[in-house]
Amino acid sequence: MNDNNDSTLPTSLRATTDTTDNVAMGAATTNPTNMMINSYGKEQMKMSASSNALKQSLKLENLEEFDKLPYEIHRYSSFSTNYVPENILVDCPSDQSSRWSAHNNNPPQYLTLKLRRPAIVKKIKFGKFEKSHVCNIKKFRIYGGLDEEHMILLLEGGLRNDHIPETFNLRCVAKDATTSLPILYIKIVPLLSWGPTFNYSIWYIELMGQDDPMYTSGCLKDYNKLREVEIIRLCLKHFRQQGYDTAFKALQDQTHVQLEHPLISELHQCLVINGDFEKAEKFISDCIEEGLMDDYLNRQDYKHAWRLQHVQGFAQPGNRGGHQLVMDVKKRLIYLFGGWDGFQDLSDLWVFDIKDNYWTQIFEHSEQFNGPTPRSCHKMVFDPVSENIFMLGRYLDNSIRTTEYIKSDFYLYDTRARTWLQICDDTCQVGGPQLMYDHQMCIDVEKRTIYVFGGKVLTPRSVNASTTSEPEYSGLFSYHIATNTWTQILVDCHHPTASQPDVLSIKSRITHCMVFHNKKRKLYIYGGQRGKEDIHDFITYKVDTQTLEILNRHPNSNGQTGSTGNNNGNGSSVSSNSGSSGSSNPPHSSDGKNEPSPGYTLRATIDCERNEIYVFSSLSKIKDRRDIHHVDASNSFWVYSLDTHQWSRIYTSRYNPSSPDSTKFDNSRNNLMEPCPRYAHQFVYDDMAKLHYMFGGNPGRSTTPQLRLDDFWILELEKPKRDEILKHCRYLVRKLHYEEMAKADPYKAMHYLRHQIAEVIDHSNPEQLRNFHRLASLLFKCDEDIKTEERPLNTLPLGGATTSMAASTSANEDKSLTEAECSSDMASTTDDEVCVKSEDNTHAPDDLSMESCSSSTTSGISDAASSYSAYRKSGGKRSRHSYIQELRARRSFLFNKLVQLMPSNMVQPERNLSDFVII
């Protein structure tokens, strides 16, 4: 017996949809800020609201029904002989030649469809051949728009390699999330086929939506109005940033379009125009207190912290893997049972008291007290209502898989009475699952139901070496606690009854992970393995309606089929020169940057309040090697947001052969900062304290294959708080204030540096402290040192990349840093105590366009005269125009950085007018 789980969890990209960030302003309130925000939102959405009201008054619900939309082939990249694009107009699943097939699979390959008139396209349907085919599209992107030269992404997804047609929802609303998006051209861009070296084929396309002019005319009018407003706002932003105040005022007076919320305009006035830094600080503080930056904070990734738990006393569980942990959150207790210690299965039961930090062994051999026999690869759930633990399943070595031993015993442990009870000696005999291992269990506390899914079935037939039958997998079962009854909900897709029309089936698997959301009433099942096949899906099962849904429509780019042959099997080919030069990004790699990468065992937990699923992946499976010394050996921790439907990788722990802890973790654990990579570990979540607990596992050492771990870790996840972002914003504002002060009054600037800036610096952070000291160099810079420097204040938003310019600057360069370089160095270093983002996560891009950095007119800077006079008295040699140019550019750049932290529906457009000008 061992606890090695030979499956992997696939990496795949999920279909992304555009969402609009909205800030909930709460219930009606007399707060002036909220009243202004609500008033502003109503004014800006006036045209869209009136259009929606018109539709409601005319009661055009019947026009919104989906119709099949006619289209023609407008452009294409290439095609193979007899496999012309027009073939997709007809659905002939039994005809292998009824498809479009590209001449090759070199990007870009595409098809552009043109509708007969502008329409609101809701869905797209892909027809398929009557059986799986290596040329089926595994990944694709769909773009759409009124102009084929300016299309937006409508869908990113992928097809399953089977014969069942698939229908996808397309993005059909504009960025405001209310205005319908009219489409005239649809562009389909294949990215990957199921046979990686095969050409792309599309068998049939059907578009569904509404193109009735009585319906679309109003949508077109609303959309054009929305575009017009956005164009005006872009012009207003450009005029203001360039200092064209007269043009700004004239355009705003004539159109009555507001660039932003009045509160944001007030910040611009006090910071950029008046240079009133203290008032700007107070304004930002009020905004944070009102919660205007909460949405930004919630979008940031967690900052993680591991700590090794040193328990009281000498008694604690020994080394093991393949064990189980469950938690009684209310009583602050963690229970541990069984596992494999490298030599034998265990049946000991332990409890850890979180408050007292103490392990207690309840039973050393549970089978002596009517409990379960020694086992591993079993599963347990805790029922908080009855305070009972339920246990099911185990692994049996092939040598003892006889009829006598292969029984699916089902146990209950009463935590209050501290007694074991065997509910059933074989659940298979009462409508439950057969004996299995590496399955998953979840409990629906409200409905008193336990769900069991997956796992490999153990049967006596495994004893016969001559038997070549395929492994059996268990389906989805439910156990009702109150009535002590089992029900099979879904059978495995290869079960003999799966072909019957009234039987629901699912592709079962092992080493997957599963959690239950008690508010959404859904099971979430991620990944897994079936034989040598990695299962690349993330599915949900709604328990009340018994409906399945796939969350990640496009599978992993690494998946392959066993089919071989020439690229398309189509014979000769013809290339067309009528296609445009459309481009597409290459498919994402399966390197774990988008979803958890394959592993031997995965552990998942859920926080129903936060709407987040946490997945801790194990050692990656690279060519079936389980050696931690492999360069790719790692653990990683991921968070999946059920609100945004996006994955975030919080951290990755890789094997470090040069670290003494990586080879002596068993006797030098006091120096460990993070647990070493492992699998067959156990993970539980305390949703009250928001902490994860991990115990033991298999470190995967090829030199010591029997080695198991007994370390006990706590993982804490934390997002930046309001006071942290306030401190960060204060630092940015005071830093700019100091830079201006240093040119006009060095002595006053030195005092300001020592007191005002010093109080917003984390002096325990070496990098922040180093950059703080570097700021002092501005006091000794003369005009000649900075007269040719054109770079603006180079700040990063909170949670941006932690690699600063200072980190890449050599010691010799530090000596000759210009004033602007010193400014950029300090500003580009994020507060590590505020937020540390994962290395592959993206953040709001820095606005380095000419609109935020270039020179501006000298008008509108109200404090320019006094500031410039002080600058000249201190020995400054720049002209007034040049001085104020830089002053306004730096202030505008800081303003742009600050408003990135505000709700997007309150601030100026993110894009710039210059983005659309190409010379």
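Modeller: The protein chain of this predicted model holds 17 helices and 41 strands.

Colleague: What makes a residue count as buried, and how many of the 919 residues do so?

Modeller: A residue is buried if its relative accessible area is under 20%. In the protein chain, 56% of the 919 residues count as buried.

Colleague: Why is helix α6 called roughly antiparallel to helix α9?

Modeller: The axes of α6 (residues 277-289) and α9 (residues 722-744) come within 10 Å and cross at roughly 165°. Angles over 145 degrees count as roughly antiparallel, and therefore α6 is roughly antiparallel to α9. The crossing of the two helices is right-handed.

Colleague: How do you know that α6 meets α9?

Modeller: Contact means heavy atoms within 4.5 Å. Among the residues of α6 that meet α9 are Phe 277, Ile 284 and Ile 288; on the side of α9, the residues include Ile 725, Leu 726 and Val 733.

Colleague: Why are strands β14 and β15 said to pair?

Modeller: Two strands pair if there are at least two bridges between them. Seven bridges join β14 (residues 333-340) to β15 (residues 345-353), so these strands pair, and they run antiparallel. Phe 337 stands opposite Leu 349 in β15.

Colleague: In what order do the four strands of the open sheet lie, and what makes two of them edge strands?

Modeller: The order is β13-β14-β15-β16, with antiparallel pairing. The strands β13 (324-328) and β16 (358-363) each pair on one side only, and are therefore the edge strands. From one strand to the next, the twist averages 25°.

Definitions and conventions:
Residues are numbered from 1 along each chain as its sequence is written. This is a predicted model: local features need pLDDT of at least 70, side-chain atom pairs count only at pLDDT 80 or more; totals for chains, interfaces and linings use all residues. Side-chain values use heavy atoms; hydrogens and water are left out. Axes are lines fitted to C-alpha atoms, for helices over the stretch in contact, and angles run from 0 to 180 degrees between N-to-C directions. Buried means under 20% relative accessible area, exposed over 50%, partly exposed in between (1.4 Å probe, protein chains only). Angles under 35 degrees count as roughly parallel, over 145 as roughly antiparallel, 65 to 115 as roughly perpendicular and the rest as oblique. A crossing is left-handed if the near helix is turned anticlockwise from the far one by less than a right angle, and right-handed if clockwise.
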